[in-house]
Structure formats: structure tokens, C-alpha cells
Amino acid sequence: MILCVDPDADALAATEAALADAGFDTVGCGSLSAALERLDSTMVDCLVTEYELPDGTGMELIGEVRETTPDVACILFTDTPIEVMDTTAVGAAVAEYLPKEAPDARSELVELVEHSLVFRSQTAYPVPENEDARLAALARYADDSEALKASFDRLTELAAALFDLNTATVGLIHAHEEEFIACHGADLDTLDREKSICTYTILEEEVTVIPDVRDDPRFNADGRLEAAGIRFYAGAPVVTPDGQAIGVFCLHDDESRSFSTRDRELLKLLAEEAMEQLELRRQLREATGGAPDV
Amino acid sequence: MSDGYAFDGLPLEAIRPGTSVLVSGPTHAGTRNLALRMLDGGDAEASIIVTTNQRAARLAEDCERVGFDIDPGRVAVVDCVGEEDEDVAARVVPVSGPADLTGIGMRYSKLSREFKSDGFDRVRTGVVSVSTLVSFGELRSVARFIHTMVGHINSIDGLGVLFIDPSTHDERTVNTLAQFCGGRIEVRDGENGPELRARGLADQPREWTSFDPTSER
């Protein structure tokens with residue numbers, strides 16, 4: 001879904017029509033507040049906004065989007081000259097910019113939207129090279145059964161006891177967030193992908209260990225992990241039989257600690273065990289024609 | 001597809017259009033000069049250089065020293081440092097500072113569109129240096145900025161040259177930024193002067209190879 005924001009009704013209609021012609025679903029509105037409401041209720045992949053809005057600016061809107069749904073591709077599609085726009089307050093937001101007055105501006109816009117979505121080029125983290133195949137693989141293992149949760153609850157409880165630390169989780173890495181299927185010792189539901197260490201773990205074949213997150217420039221900026229009691233991190237990718245890293249089996253603790261070669265091997269075994277659970281349940285679903293919990 | 005971006009007088013093969021490379025090494029080993037030389041595409045190509053830690057006038061001097069003619073018809077500078085330098089030959093576009101990544105990105109895409117409408121279909125883009133951006137902002141924001149810029153460079157079949165001095169950063173910072181790029185060129189101070197080697201790029205020297213960071217074209 002593409003959210004288009006423009007207080008000029010004719011311009012908004014033209015923008016939506018151009019995107020709809022290219023096969024995109026669009027929704028339009030004319031103000032900052034209406035756009036924020038939309039973002040609350042609708043899953044948006046891309047935002048196309050004017051700069052001057054009756055109740056604020058498109059830059060403010062983009063700043064808000066980066067807080068709430070950071071992966072959204074943001075495009076400032078505007079009549080306002082660059083020199084007039086104040087970007088200092090939202091210098092970290094980052095957005096594409098396209099002047100609206102160019103003769104073929106809307107076809108350029110369509111190209112820019114397509115490119116931004118295909119390459120996910122506005123994420124703050126590296127995306128695996130085979131991301132589309134990875135997400136397709138993940139979809140095959142979608143399973144919200146209580147039986148799977150119970151089995152992962154047992155595995156994470158065993159893991160926390162085995163390594164003698166606070167928290168063990170199994171999370172699946174979706175397009176924009178990590179979903180925790182099981183979480184022993186903490187209360188985690190989902191996490192934006194750019195805020196999750198596991199986002200980086202799936203880029204590596206081996207186990208990722210961060211002895212102290214305070215020393216890691218990728219995660220120490222906002223103190224959020226520290227506040228959540230996460231100082232030590234170890235994660236092993238959960239990899240499908242055809243090689244796609246769809247999730248992570250991970251461990252946290254509130255103290256920095258070491259992690260031996262043997263520990264890494266054991267964590268890898270746990271990730272393999274989690275994958276086997278997912279795989280067997282997938283096969284069971286296929287064999288039973290998608291019957292629920294067995 | 002059009003021919004690769006070529007590098008006169010450097011021990012590098014042409015690089016495929018749409019590629020961005022991280023050029024990493026200490027400034028004193030000639031890494032910055034190497035990046036500037038890689039941005040010089042001659043008369044038929046345009047160049048956009050984001051200067052983050054030296055004002056446009058200083059950048060122009062450095063370019064001159066490596067034989068890179070900053071012709072305003074084909075070279076533009078996004079200046080995050082100085083007041084407006086009226087006496088610089090190149091097209092200079094000021095930004096409030098290196099923390100204004102949004103402002104830098106918007107000016108960059110505006111210049112890129114201007115060169116396109118001027119008839120240039122080959123554009124080299126440089127950031128000298130990414131190190132400054134990292135020291136003024138959160139890694140997450142800089143990563144988004146670099147990812148977006150690399151995406152833009154890819155969409156216009158351009159060439160990206162991103163200079164970073166790894167000695168001032170954690171290795172994980174450099175590796176994260178490198179992952180957005182198609183490849184990496186590392187520079188070191190060798191026994192007989194500066195040397196480079198490439199990673200992740202086809203047909204480039206994988207062993208340390210001497211280069212002359214200053215020679216004129």
C-alpha cells in the first residue's frame with residue numbers, strides 16, 4: 001500500500017492515478033494528522049508526500065514514520081524548492097526527493113517507487129542478497145499453532161538453563177520486524193528489524209556473539225538494549241533445508257560474558273532443533289491438508 | 001549495458017555501472033586522493049562530490065593536485081562545511097552540516113537530475129568522507145543514508161565512491177557500511193608507497209598493488 005499525502009486534491013488524484021496505473025494500491029489524504037491516522041490503521045510500504053501540509057510539513061511526517069515504521073520508503077514529492085525546506089530538525093530521517101514540477105514527474109515517481117520497493121533501499125540495515133527467496137521460504141513455515149509455541153517454550157527454557165543466563169528466544173525475521181515465537185525470561189512480542197541484533201545474525205552463517213552490546217556501534221546508540229537488560233547476546237541462525245536463514249535462536253544476559261566454542265556448537269544445535277520442529281510441522285500441515293494443531 | 005567506469009592511470013579495471021565501492025584506508029596513505037582520482041571521469045562524465053570535512057575550496061585544491069579538473073559544467077560539490085565559496089570553479093551547493101543527511105541526500109538527487117537533463121548519462125558520485133558522517137550521526141541513520149544513496153546510484157547506472165578511514169571506527173561500523181556496497185577497495189601504506197587491493201569486485205587486483213595517488217592524467 002502506498003500512502004499519498006497532498007493538500008491539493010487535483011495533484012493528489014493525479015499522483016494516485018499514476019501509481020494505480022502502474023499496479024500499486026494507493027490511499028490518499030491531505031494533511032499530516034490524517035496521514036498519521038492512516039499509518040496507524042494501514043500497513044504502508046511507501047509514503048509519497050508534499051512538503052507543505054495544512055497542519056505541518058511532509059518532513060515532520062517522515063520524521064514520525066521513521067520512529068514508528070522505520071522501513072517505509074519515504075519520498076518527498078513536492079513543489080517546494082529545496083532551499084526553502086528545513087531539514088536540520090529531521091537530518092537523520094533520510095528520504096528520496098523528487099520535484100513535482102518536472103514535465104514527466106509522475107512517471108519518474110513511479111520508477112522511484114518501484115526501485116525503492118524492489119531494492120528496499122531505505123532500510124538502515126543490510127538486507128540479505130536473497131531476501132525475496134528468504135521471505136518466500138519463511139512464508140512456507142508460517143505456523144501460529146499453540147503446539148509450536150509450546151515446543152519452542154520448552155526449547156528456550158532448556159537453553160536458558162543450559163547456558164545459565166536470563167533469556168532465550170526464538171524469533172522469525174519478517175520483512176520489517178522480528179516476531180518472537182518463544183521468549184523465555186523476557187516479554188518480547190515483535191521488534192522493528194532495524195532495532196534487532198538478529199537482523200545482523202541472519203547475514204552470517206556462523207553463530208554471532210556480542211560479549212557486551214555497549215561496545216558495539218550498531219546497537220549502542222540509543223541505550224535501548226541496555227535499558228531492556230540486554231548486555232550479552234549470542235544468536236544462531238535458524239536455516240531451512242534449502243539454506244534460507246528465516247529466524248534466529250538467541251540468548252541474552254544482563255551481564256557481559258564469554259561464550260566458548262563448545263557453547264557455540266550447542267547453540268547451533270538448538271537452532272537446528274528449532275528448524276526441525278518447523279520443518280516437521282510444515283510437512284505435517286502438507287500431509288493433512290492444512291489441519292490445525294495436531 | 002554501457003561500458004564500465006574506467007580509471008586512467010590507476011591499477012584498476014573498469015567497474016560495472018550501478019556499482020558503489022567503499023574505499024577504505026588512512027588519509028595519509030593517499031586513500032582520499034585515490035577516491036578523488038576515481039571520481040574523475042573526464043569530459044564525457046559528470047561528478048558529484050559530497051565534502052563533509054573540508055570546504056569546497058580546499059576540495060577543489062586537492063582535486064587540482066591529483067589532476068582532476070573541476071569544471072562547473074560537469075562537476076558539482078555538496079559542501080557540508082563552509083560558507084559559500086564564491087571563488088570555487090565547480091558548482092557548489094551548501095548544506096547546513098554533516099548531520100543533515102536528509103538535506104545532503106536531497107541536494108544530491110537534485111544535482112543528479114540536473115546532470116541528467118544536461119545530457120550526462122554517466123555520473124560518478126563521491127562521499128569524502130563517510131567517516132565524518134559517522135562521527136556526527138548515529139550509525140543507523142548513516143546506514144540508511146548510504147543505503148539510499150547506493151540505491152540511487154544503482155538506479156541511474158552511476159558509480160559510487162565512498163571514502164572511509166577505518167582507523168577511526170569500530171570494525172563493525174566499517175563492515176556494516178561495506179555491506180551496502182558492491183565491493184571494497186582497501187588502501188595501505190606499503191613499503192614503497194601506497195598500495196591497494198579489491199574485495200568483492202570482479203577482475204580487480206586481489207593482491208596488494210602499488211598505485212600513485214598524485215600523478216596527473
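## Chain B

Chain B has 6 helices and 9 strands, where helices (H or I, at least four residues) and strands (E, at least two) are DSSP runs numbered from the N terminus. The model is predicted: local features need pLDDT of at least 70, side-chain atom pairs count only at pLDDT 80 or more, and totals for chains, interfaces and linings use all residues. Residues are numbered from 1 along each chain as its sequence is written, while chains are lettered from A and ligands numbered from 1 in the order in which they are written.

Buried residues (20 or more other C-beta atoms within 10 Å of their own, C-beta atoms being placed from the backbone) make up 56% of chain B.

## Helix 6 of chain B

In helix 6 (residues 171–178), the buried residues are B:Thr173, B:Val174, B:Thr176, B:Leu177 and B:Ala178. They pack against strand 1 (19–24), helix 4 (130–136), helix 5 (139–155), strand 6 (159–164) and strand 7 (183–190) of chain B.

## Chain A

Chain A contains 9 helices and 13 strands. Of its 294 residues, 40% count as buried, and its C-alpha atoms fill a box of roughly 65 × 50 × 30 Å along the principal axes.

## Interface

Contact (C-beta atoms, placed from the backbone, within 7 Å) links 24 residues of chain A with 30 residues of chain B. On the chain A side, strand 7 (96–99) and helix 4 (105–119) each supply at least two residues.

Notes
Contact = placed C-beta atoms within 7 Å. Buried ≥ 20, exposed ≤ 12 C-beta atoms within 10 Å, placed from the backbone.
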